[in-house]
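This report considers surface features and charged side-chain pairs. The sequence and the structure are shown here.

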Amino acid sequence: RRVKRLTVSHAFHSVLMEPMLAEFGEVAGQVEYRRPRVPIVSNVTGEPVEEYTGEYWVRHVREAVRFADGVATLHGLGVTKFLEIGPEGVLTALAQQCLPGASAVLAATLRGKRVKHGEPGALLRGVAKVYTHGVDVDWRAVYAPWGGGQVELPTYAFQRQRYWMDAVVLGGLPAGDARPADETETRFWEAVESEDLNTLAETLRLAPEDGLDNVLPALSAWRKDRRERSVLDSWRYQVSWTPLE
């Protein structure tokens, strides 16, 4: 496991804090406490805080940090978006480890040395991340320190113009358009495909010697090519456009 020495002045949450607990308790007992206006989950108990007392802060200095229990309690209460407000992003990574496989969004707000534009950039990136996952953000308050404001976006060049194709045209007819078969036309194409010169001449009311013997082979080849292409096209993926309201 990768570890590093903590840069703190005292060994908080350990037995080494016991010599100062009595004096610390006297000072903590002189402070006026009020119920928190924002719901808080305690790392002392792992449960929501009902009220603060001097005794609570004595326990806070000495007892273990129940961070995993606190994260689990939050998630159990339906919290799925976590925004870390503190130096670096240590707790964001730890909270992610406490929620393996859970559907949660976690973001840090202070990573000054790693993010472009320093701490302001880190703050905006963290807030933007939770915003894109459904958290309501007061952007006027976010941009106020930098003198930012809202402006109207320019319209698109093609606004209010419709560019959907009405139908895909295949063979001169819209796709899916059906029409009743014509007996004469059917007989004509059958004569072409079978290269039946007499039937073709009769259908067109021409004499066989009127040049049809030169045209028929080319017309038959064209007809067969179109039929084969039609079959091949039916095996391919088709492109279609579906208008969205």
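The text below treats salt bridges and then a nonpolar surface patch.

The model is a predicted one. Side chains of opposite charge can pair when their charged atoms come close. In this structure, the count of salt bridges comes to 7.

| Salt bridge | N to O distance |
|---|---|
| Arginine 66 and aspartate 69 | 2.8 Å |
| Glutamate 50 and arginine 35 | 3.7 Å |
| Arginine 34 and glutamate 32 | 3.9 Å |

The bridge between glutamate 50 and arginine 35 links distant parts of the chain, the two residues being 15 residues apart. Glutamate 50 lies in the loop between α1 and α2 (54-62), and arginine 35 is also placed in the loop between α1 and α2. Glutamate 50 counts as exposed because its relative accessibility is 53%. Arginine 35 has a relative accessible area of 56% and is therefore exposed.

Arginine 34 and glutamate 32 are both exposed. In the pair formed by arginine 66 and aspartate 69, arginine 66 counts as partly exposed because its relative accessibility is 37%. Aspartate 69, at 34% relative accessibility, is likewise partly exposed.

Apart from the charged pairs, a nonpolar patch is formed on the surface by Leu6, Val8 and Phe12. Together these residues have about 320 Å² of accessible area. Phenylalanine 12 belongs to the segment before α1 (21-29). With 42% relative accessibility, phenylalanine 12 falls between the limits of 20% and 50%, so phenylalanine 12 counts as partly exposed.

Technical notes: Residues numbered from 1 in each chain as written. Predicted model: local features only at pLDDT ≥ 70, side-chain atom pairs only at ≥ 80, totals over all residues. Heavy atoms only, no water. Patch = residues over 30% accessible without salt bridge, like charges linked within 9 Å, V, L, I, M, F, W, Y side chains within 5 Å. Areas by Shrake-Rupley, 256 points an atom, 1.4 Å probe, with all protein chains shown as cover. Salt bridge = Lys/Arg side-chain N within 4 Å of Asp/Glu carboxyl O. Helix = DSSP H or I, 4+ residues; strand = E, 2+ residues; numbered from the N terminus. Buried < 20%, exposed > 50% of the residue type's maximum accessible area, 1.4 Å probe, protein only.
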